[in-house]
Amino acid sequence: MAGYILKRLIAAIPVLFGLTIIVFLIMAMIPGDTATAILGSYATPENVEKLNRDLGLDKSLPQQYFIWLGNLLQGDMGRSYSLNRPVLDEVVERFSATMILAGTSLVLCSIFGLLAGVVSAVRQFGWTDKIITFLVLIGISTPSFWLGLLLILAFAVKLQLFPASGMFAIYGGGDLPDLIHHLVLPALTLSVVATGVIARLTRTSMLEVLRQDYIRTARAKGLAERKVIAKHAFKAALVNVIPVIGIQAGFVMGGAVYIETVFQWPGIGSMLVTAISTRDLLLVQGGVLFVAAAYVLFNLAADVVQTMLDPRLR
Amino acid sequence: MSEAALLTIDRAERVFGGGRTIFGMPKPAVHAVQDISLEVRKGETLGVVGESGCGKSTLARLIVGLDRPTGGSITLDGRDIAADAGNDPRALAKKVQYVFQDPVSSLNPRKTVRTILTAPLVHLIGLGKKDQERRLEELMEAVNLAPEFLDRYPHEISGGQAQRIGIARALAADPEVIVLDEPVSALDVSVQAQVLNILDGLKSRFGLTYVFISHDLSVVESVSDRVAVMYFGRIAEIGPAREVFANPRHPYTHLLLQSAPAPGRKSLVPEDANTELPDPYNPPPGCAFFARCPNATHKCKESHPPLEAKSGEATHLAACYHPHGGEEE
Amino acid sequence: MTEAAVSSAPKARTTARRPDSIRLLLNNSLATGGFIVLVAVALVALAAPFLPLADPDVTAPANRLMPPFSPDHFLGTDALGRDILSRIVWGTRVSLAVGLSATVIAAFFGSLIGLVAGYAAGRVDSVLMRGIDMIMAFPYILLALAIVAVLGPGLLNALYAIAVVNIPFFARNIRGITLGLSRREFVDAARLSGKSNVQILFIEVLPNVLPVIIITMSTTIGWMILETAGLSFLGLGAQPPQADLGSMLGEGRKILFTAPHVSVVPGLMILVLVMSINLFGDGVRDVLDPRLKSGVLTRPVARTTIDRKEAPSGLKPRGDAVLDVQDLRTEFHLGGTVYKAAGGVDLHLAQGECLGVVGESGSGKSVSAMSIMGLVPSPPGRIVGGAAFLGDEDLFSLSDERIRQLRGADVSHVFQDPLSTLHPLFTIGDQLTEAILAHRRITRSQARKIAEDLLKLVRIPNPAERLKVYPHELSGGMRQRICIAMALANDAKVMIADEPTTALDVTVQAQILSLMNTLRHERNAAILFITHDFGVVSAICDRVAVMYAGKVVETGTTEEILNSPAHPYTAKLIDCVPVLGEPERRLDAIEGRPPMVNNLPQGCAFADRCPKAQADCRAAPISVTEIAEGRSVRCLHPVKEGEHV
């Protein structure tokens with residue numbers, strides 16, 4: 001198993017390189033003069049020229065890439081002009097906030113999604129199934145940013161149960177209970193769509209598995225139905241669902257863009273939105289790269305878990 | 001061989017996989033078919049029999065040009081099939097046709113029988129509208145189906161009828177050779193007989209040559225003039241059907257015949273030993289049947305026995321150092 | 001796109017198929033609801049210029065933030081005094097148009113890439129798919145953001161971004177399907193019919209892929225509308241004064257606390273729109289997906305539904321049988337049609353006896369056997385009559401728990417395909433010990449010891465080692481031995497074997513048959529052996545029951561049946577099979593086909609194919625006649641000794 005994980009990690013390296021190429025190309029594709037774009041339209045010609053030289057924009061594209069990559073590997077992602085601090089520092093800080101939010105949501109949606117899917121499949125055509133199916137449908141049809149607003153209206157403004165925004169209370173906060181208190185609404189909002197997707201897939205997957213010959217064998221052996229479902233069917237269904245949970249990690253991290261904006265969560269998503277509107281492109285570059293790399297690792301983890309469950313993949 | 005052969009296979013070989021990875025490591029290779037040499041004469045039926053994984057379907061695909069050999073050659077009327085399949089696949093398809101194992105999956109679910117049968121008429125022999133109509137009628141009559149089947153979709157007909165459509169399609173361009181790959185094994189027994197009888201009738205009526213591939217010994221015995229028994233990618237034994245079935249020389253053929261169930265046969269010969277095929281990625285240097293063979297000696301392990309006449313009959317060959325029922329060597 | 005798919009089919013097909021699909025769609029009330037809402041929304045959005053609505057962009061500071069249901073402003077006004085109702089209608093128009101265009105763009109390019117990659121396979125496939133994988137390595141929304149960052153905010157740019165990030169989704173889906181289709185035999189057949197690659201791809205493969213493209217489109221369009229709304233919400237999509245639903249929501253967010261209706265209303269509209277699309281899309285998927293169409297995706301319950309009209313009071317177990325099935329009736333209810341798969345089957349099995357049940361596909365032999373322990377999938381199967389006595393107990397009147405106790409203990413099963421019947425994710429040892437522990441109160445390690453002994457019993461070398469392997473690491477013959485070991489785990493009195501050797505090679509089949517034969521004598525277990533092969537019957541069965549169209553038509557000892565079949569069907573069935581060693585034998589085909597069990601004739605089901613059929617055969621149901629001791633036939637004109645049919 002350790003060998004397999006190592007192999008997968010090595011295989012992830014070219015993917016990560018590919019990511020840097022795409023991110024680099026996206027930045028290189030920006031129409032107009034990059035230095036002006038970075039410095040804004042009020043930049044002096046000297047500054048533009050200096051930046052062009054600093055960025056190596058007088059060199060060929062592949063050369064530029066390798067210089068950029070070299071800097072990247074040394075932890076130098078440039079300086080954010082709008083914040084006037086190194087991009088790396090800002091991104092790392094923001095990234096941890098996003099991971100707390102996205103990680104919590106991912107755990108929530110996996111638990112609720114799997115549970116709802118299994119119950120729904122086992123009670124197929126029953127009332128529980130119908131209710132779950134309908135809730136799931138609403139879940140995947142609801143704009144999450146709107147749902148966030150509704151939750152703020154209900155739980156922060158009307159009921160005053162949870163704070164409407166931020167990660168910590170401004171006065172006297174900063175500990176774990178405070179964090180959890182702030183985390184509840186955004187994490188729930190963010191997990192809704194993914195819960196729906198996972199629940200749907202789990203239901204279909206369970207239904208498919210329950211028709212398989214080996215389920216009939218399990219029943220023919222005289223196993224209790226509870227065991228047939230919880231052990232034989234669920235494990236087989238889980239193998240199909242795991243990769244999708246990996247993909248949902250991407251949706252959750254992407255969806256964080258909206259949720260962080262709505263709840264003013266100091267994560268990478270809200271940073272990106274601000275950076276795009278202020279055209280702070282180095283910051284955009286750094287943020288995108290970090291999240292994409294995290295996503296690759298999430299998928300890798302999903303692959304490893306799937307392989308652990310399914311001996312045929314080894 | 002007295003008469004000139006229509007189809008000649010000379011040391012044909014098909015390797016899957018192989019080559020090297022980008023790091024220069026050799027990739028695993030499997031010899032699906034290896035060192036196969038045989039001839040098929042005009043008007044005869046050559047039966048090819050063997051168990052799963054013996055390479056019989058790969059051989060079939062090589063003969064119709066759906067796959068190319070990685071070694072050796074296959075010629076039809078003196079023309080190289082692999083070359084024709086690359087340069088002029090239509091000319092090849094005019095001469096050699098194929099009937100598939102799964103009749104339903106060999107028909108496009110979204111096309112009517114008429115569309116399916118018209119394709120070879122248009123693309124292979126370029127018939128005009130009027131001639132097409134006439135030919136379609138002939139074909140349907142040949143496979144004993146009412147013309148109204150022409151306007152049905154594959155899901156609206158039964159397996160046996162679908163297989164007759166498959167045969168009609170193979171017949172459409174008036175080929176010389178038809179390769180039949182397990183044509184009746186997906187069918188119920190009562191339907192199986194219908195299809196076998198139709199095939200038999202067509203052969204004499206249109207002067208066809210058949211290569212009939214099957215795992216079912218009794219079916220092969222009932223249709224074949226000559227039989228080739230395949231094991232692990234090679235020919236174990238080949239000869240006139242009657243000879244091979246009555247007097248098998250290769251111990252594998254013998255085992256197959258003993259194992260086949262037949263009505264009235266009370267006990268099948270049990271074989272408690274290992275029935276596993278050798279590892280295809282790591283084939284033994286000698287005879288592949290070695291581990292299962294009652295007559296095996298050290299010699300069999302060392303080198304692969306050549307395919308030779310073993311019983312006086314020059315046409316009956318077996319690849320065995322210690323053939324069944326004979327004290328040779 | 002749907003239009004194109006249908007019109008490409010010939011006329012006859014169109015008329016036959018179209019009402020069918022639409023009817024199916026309308027049967028689904030949720031999909032119908034979604035469709036109606038969607039059509040209504042789309043109509044209103046299309047008619048926006050002709051509706052008596054206020055100009056959506058005219059500001060009126062005096063009327064700002066009026067609440068809903070105000071006079072002249074049904075849904076109130078926003079921060080600039082613009083009429084929200086009017087803006088919703090116009091915004092929906094924009095959102096729909098953008099979502100639709102993005103879907104079409106993504107579907108076109110994605111499907112094209114998928115088709116080419118899947119069909120060409122090899123290097124082209126790897127290159128294209130590596131590129132797609134690269135795009136997919138980015139979290140979806142992030143990539144859209146990056147694209148918008150490059151192109152600059154704007155509705156059109158948002159549309160491009162959403163379309164681009166959805167291309168991989170289509171490409172992957174379509175590639176998978178195309179790859180599968182390109183390996184299908186009809187593609188080879190088209191090649192041998194002289195078609196070129198381009199012709200095959202677009203004439204043969206594409207029509208089969210189209211439903212999948214449509215399904216994918218209908219299930220993603222809602223998603224795309226949500227995503228473009230999201231970008232607009234962030235201020236990166238529609239730019240003022242133009243508004244789509246997302247940007248309205250974004251503007252409303254700033255005054256959430258003072259005037260919630262400004263953001264709640266557009267959000268609700270998005271929800272209604274997307275939900276109606278999703279409902280409709282699911283309906284379309286259910287209609288077009290052949291697996292769902294036939295209702296296959298239903299969950300079979302633990303035990304076949306038993307729905308006997310009347311209590312079979314007259315039926316009593318016959319003394320000498322371990323298993324006695326009487327007048328078993330099992331039906332399948334599929335979309336209003338009733339298939340009488342087993343229409344009054346009688347089978348009895350004495351201790352240690354092997355009874356062969358022979359028949360062609362659709363004869364009801366498997367259904368009858370699987371009905372005994374309630375293993376016929378339900379829905380759609382149900383047992384509607386008869387009884388099955390195991391000793392004195394009628395299996396059809398027992399509790400579920402009692403059936404569970406009997407399954408795998410007194411009555412065990414061996415199935416056809418040994419690969420699919422073993423669970424791929426558990427080791428052989430796990431699966432065997434589980435079978436033992438389900439019926440005995442012993443420790444796990446004791447059970448493991450028994451499992452090892454069982455493997456020895458079925459002649460598997462190195463049993464201790466083999467317990468640790470997974471099914472896919474074994475050959476077919478080995479796997480079937482495992483299944484037999486499992487069936488013997490708790491000293492079953494009756495073993496039900498459903499075509500246990502059909503999936504195996506002949507040499508392996510011979511071994512498995514002799515193994516089963518030895519073990520049944522050693523263990524004195526009775527076997528109900530389902531097969532279609534008279535050769536296999538000869539090798540193992542003491543007695544035979546021949547089935548046709550859901551009924552047993554003849555029973556007797558194996559010798560009697562083979563040597564002097566009494567039912568014309570049995571006689572013809574034996575005659576139409578080639579026999580090893582008799583190559584000259586003329587194959588006597590049975591013309592015609594068995595009747596469908598949803599439409600059985602009044603009289604004998606074989607009459608239409610029978611050379612001996614008379615008028616009386618068709619008049620009324622044929623009852624069973626006992627023609628000798630333990631020998632019965634369901635025929636008015638049985639074949640006489642030496643007679644040829």
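Colleague: What makes up residues 323-574 of chain C, by helix and strand?

Modeller: The span is 37% helix and 28% strand, and its end C-alpha atoms lie 28 Å apart. Helices (H or I, at least four residues) and strands (E, at least two) are DSSP runs, numbered from the N terminus. This is a predicted model: local features need pLDDT of at least 70, side-chain atom pairs count only at pLDDT 80 or more, and totals for chains, interfaces and linings use all residues. Residues are numbered from 1 along each chain as its sequence is written, while chains are lettered from A and ligands numbered from 1 in the order in which they are written.

Colleague: What is the UniProt annotation that covers residues 323-574 of chain C?

Modeller: The unreviewed UniProt entry gives "domain: ABC transporter". UniProt positions follow the numbering used here, feature names are shortened, and annotations may be inferred rather than shown by experiment. The unreviewed entry also places "domain: ABC transmembrane type-1" on residues 92-281 of chain C. Residues 92-281 of chain C are 84% helix and 0% strand, with end C-alpha atoms 19 Å apart.

Colleague: Why is R329(C) called buried?

Modeller: A residue is buried if 20 or more other C-beta atoms lie within 10 Å of its own, exposed if 12 or fewer, and partly exposed in between; C-beta atoms are placed from the backbone. R329(C) has 20 C-beta neighbours inside 10 Å, so it counts as buried. R329(C) sits in strand 2 (residues 321-334) of chain C.

Colleague: Which residues does R329(C) contact, leaving aside neighbours within four places in sequence?

Modeller: Two residues are in contact if their C-beta atoms, placed from the backbone, lie within 7 Å. For R329(C), the list is A342(C), G343(C), G344(C), I383(C), V384(C), G385(C) and G386(C). R329(C) and K551(C) are 222 residues apart in sequence, with C-alpha atoms 9.5 Å apart in space.

Colleague: Why is chain B called as compact as a globular protein of that length?

Modeller: Chain B has 11 helices and 12 strands. Its radius of gyration is 21 Å, close to the 20 Å that the globule rule gives for 329 residues, so chain B is as compact as a globular protein of that length. The radius is taken over C-alpha atoms, and the rule is 2.2 Å times the number of residues to the power 0.38. Of the 329 residues of chain B, 53% count as buried.

Colleague: And chain A: how many helices and strands?

Modeller: Chain A has 12 helices and 2 strands. Of its 314 residues, 44% count as buried.

Colleague: Which chains share the most contacts?

Modeller: Of the 2 pairs of chains in contact, chains A and C share the most. Chain A brings 64 residues and chain C 61. Helix 10 of chain A gives the most to the chain A side, with 13 residues. No contact joins chain A and chain B, whose closest C-alpha atoms lie 13 Å apart.

Colleague: What makes a nonpolar core?

Modeller: The term means a set of buried Ala, Val, Leu, Ile, Met, Phe, Trp, Tyr and Cys residues joined through C-beta atoms within 7 Å. The largest has 393 residues, of which I63(B), V211(B), A144(C) and V494(C) touch the most other members. Helix 10 (residues 225-263) of chain A supplies the largest share, 21 residues.
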